[in-house]
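Subject: Structure handover

Hi,

Here is the structure I promised. Please open it alongside this note; my findings follow.

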Amino acid sequence: MSDRPTSGASGFGAPADDETTEVFVGYRELLFSIVYNMLGSVSDTEDVLQETWLAWERRSRRRGAEPIDNPRAYLVRIAVNQALARQATLTNRRETYVGSWLPEPLLTHAPESTETVDAADRALRAESVSMALLVILETLSPLERAVFVLHEVFGYAHTEIAAILDRSPSAVRQLAHRAREHVHARRPRFQADPQVQRQVTERFLAAALGEDLSDLMEILAPDVTMWTDGGGKVRAAGLRPVTGRDKVVRLLAGYAGRRPGELDVRYRAVNGDPAAVVFSEDSPYVVLVLDLNTRGDQVRGIYAVTNPDKLARIPRAEDGDGPEQGAEAGRPD
């Protein structure tokens, strides 16, 4: 699965001149990132981008229309408002969802160390789409989430957001303040070093698959919470988040006893974080993302996506995969 744009007009479902297509393709990655952060669903993001393309293509064909001075601002405004319009449908869908709902995993590319990129780029590539942050953003109102994503993640000024949302700057500032306070109260400003997170992920998976309960007790924080999203389609998936080290260890022990006989582990960046993608034969079995405490030495959040519909876009192989990327079950490299 890739969030990169299709190079030709046919990829958007409608014919258009080269310039119209080129402009849209040039901003498609930005639009994808904004909308995905607002919705947490790759498939719905693609639908919104299709609607945005159609609106953009119709505007370019309108005879006598004034030229658009700022195509980037125009496209972002269309995409954000299309995403907001889709929120009601998503809310209804999630109210009837079986079990915990987690964002659809997105394969990304993360730097090897927090020292390799500057703070702004690191936020865009990692924290902006992290599973832990997206779970918290689900608790915001749609407008609060849109303002938070545009301001905190992509650096839009309040006046720019006001124009996008057709709200006053003062109203946007109030939305931004509420959203920021809500998010920061639930998630301190902290970004684990990717190398440390990879090491903890490997150790956790080895302990979980090997049923090493004592090692699991050391890795997990006392107040750890585990979310498992099976969408009602995977029998082993818990229907509610489980909090507390003892309860989570018991849950993991139960999973280990029901897992398929042979698993293949691939370590990839998922939503900007080092994570594990576990395959059973040629099909993805679970995507596992861990959230570390502020000291970086214990796991405070476990996000396990097992819903096959949300894993369908994850390929068996990825550019850069090699022998060091995979591991037999219970023996991560």
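Among contacts in the chain between residues at least 6 apart in sequence, what percentage join residues at least 24 apart? The figure is 69%. Keep in mind that this is a predicted model.

Overall makeup first. The chain has 333 residues, and 51% of them are buried. It holds 12 helices and eight strands.

The largest nonpolar core contains 45 residues. Ile34, Met38, Val76, Val80 and Tyr156 have the most contacts inside it. Seven helices each supply at least two residues: helix 1 (18-39), helix 2 (42-61), helix 3, helix 5 (131-137), helix 6 (142-153), helix 7 and helix 8 (169-186). Helix 1 gives the largest share, nine residues. As general background, nonpolar side chains in soluble globular proteins tend to be buried together.

Take a look at Tyr156. Leaving aside residues up to four places away in sequence, Tyr156 touches Leu30, Ile34, Arg72, Val76, Leu150, His151, Ile161 and Ile164.

There is also a second, separate core, with 30 residues. Phe204, Val224, Met226 and Leu292 are among them.

**Helix 3 against helix 7**

Helix 3 (residues 71-95) packs on helix 7 (residues 158-165) at about 65 degrees. Their axes are 9 Å apart. The crossing is right-handed. Helix 3 contributes Val76, Arg77, Val80, Asn81 and Leu84 to the contact, and helix 7 contributes Ala163, Ile164 and Leu165. By class, that is six nonpolar residues, one polar and one charged.

**Phenylalanine 148**

Phe148 sits in helix 6. Is Phe148 buried or exposed? Its relative accessibility is 5%, so Phe148 counts as buried. Beyond residues up to four places away in sequence, Phe148 touches Leu133, Leu137, Leu140, Val153, Ala179, Arg180 and Val183. Phe148 and Met38 are 110 residues apart in sequence, yet their C-alpha atoms are 9.2 Å apart in space.

Strand 6 (residues 283-292) pairs on both sides. With strand 5 (residues 273-280) it runs antiparallel, joined by five bridges. Val278 has Val286 of strand 6 as its bridge partner. Two residues lie between these strands in the hairpin, where Glu281 takes a positive phi near 60 degrees.

Strand 6 also pairs with strand 7 (residues 299-305), again antiparallel, over six bridges. Leu292 stands opposite Val299 of strand 7. This hairpin has six residues between its strands, and Gly296 in the turn has a positive phi of about 75 degrees.

Why is strand 6 described as largely enclosed by the rest of the structure? Because seven of its 10 residues are buried.

Most residues other than glycine have a negative phi.

- Asp166 has a positive phi near 60 degrees. Asp166 lies in the loop between helix 7 and helix 8. Its relative accessible area is 60%, so Asp166 is exposed.
- Asn271 has a positive phi near 50 degrees. Asn271 lies in the loop between strand 4 (264-270) and strand 5. At 0% relative accessibility, Asn271 counts as buried.

Best wishes

Technical notes
Residues numbered from 1 in each chain as written. Predicted model: local features only at pLDDT ≥ 70, side-chain atom pairs only at ≥ 80, totals over all residues. Heavy atoms only, no water. Axes fitted to C-alpha atoms, helices over the stretch in contact; angles between N-to-C directions. Helix = DSSP H or I, 4+ residues; strand = E, 2+ residues; numbered from the N terminus. Left-handed = near helix turned anticlockwise from the far one by under 90°. Contact = heavy atoms within 4.5 Å. Nonpolar A, V, L, I, M, F, W, Y, C, P; charged D, E, K, R; others polar. Core = buried A, V, L, I, M, F, W, Y, C linked by side-chain atoms within 4.5 Å. Buried < 20%, exposed > 50% of the residue type's maximum accessible area, 1.4 Å probe, protein only. Pairing = 2+ DSSP bridges.
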